[in-house]
Amino acid sequence: VFWSAAALYGNFDAPDYPLPAREDYPVNPTNDYAKTKLEAEEWLLHYHKHHGLWVTIMRCGAIYGEGATYAMGNAIILKLLGMLEPIIVGSGKNRVALIYARDTVRIADVLARAEEASGRIFNARDNCAYTLEAIEEALGEAVGSPPFKKFRMPARAFKKMIVDPVQKQSKEWGIEPIIDPGLAAMTTLDSYI
């Protein structure tokens, strides 16, 4: 079972395909992470078709929960610990595909046992599609610090004021950043699968 990513769909802006994005939604990777996932998928499907390799592909939403160690998972955990303010980027009306870490493992386990899953691609996400605004409000309520009702941080300001400085400081310190720039950019999209 190969764990790919919903990031393969790029900006989720294919005009003739409705959201939520199904597995036949056009792929359009916009960063190196997504491009390498697509390349891996293509090689695996090649070996499945030509050499009988048993393979199933999962395109996961952003993973959160125990064991999630970067990007959106980290942001959710830091907010629940009260160490990061809830913040709404862009309009807040966009929906994000999330999946709990244990559910990701459960789905992989089911797919690994299902013969009819071989050679197929599956999107994997939680049942509910929350708007970014709803997520931030829930996190704010949990820590007693709701996001400002009338304030929305523009996406470019989020990149300039938060993502870029974190990337720079992480590089200077020689550590992995807790904010993945590719996923940070996706927080402004209607990345709904």
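**Reading helices and surfaces**

Author: Val105 lies in helix 3 (residues 101-113); helices (H or I, at least four residues) and strands (E, at least two) are DSSP runs, numbered from the N terminus. This is a predicted model, in which local features need pLDDT of at least 70 and side-chain atom pairs count only at pLDDT 80 or more, while totals for chains, interfaces and linings use all residues. Residues are numbered from 1 along each chain as its sequence is written, and side-chain values use heavy atoms, with hydrogens and water left out.

Reader: What is the relative accessible area of Val105?

Author: Buried means under 20% relative accessible area, exposed over 50%, and partly exposed in between (1.4 Å probe, protein chains only). Val105 has a value of 49% and is therefore partly exposed. Arg156, in helix 5 (residues 155-173), counts as exposed at 70%.

Reader: Which residues of helix 1 are buried?

Author: An α-helix has 3.6 residues a turn, so residues three or four places apart point the same way. In helix 1, the buried residues are Ala34, Lys37, Leu38 and Glu41. Seen down the axis of helix 1, these fall within an arc of 100°, so they line one face of the helix; the arc is that of the directions from the helix axis to the C-beta atoms. Asp32, Thr36 and His51 are exposed on the other side of helix 1.

Reader: What covers the buried residues of helix 1?

Author: The cover includes strand 1 (2-5), strand 2 (57-60) and strand 6 (121-124), where contact means heavy atoms within 4.5 Å.
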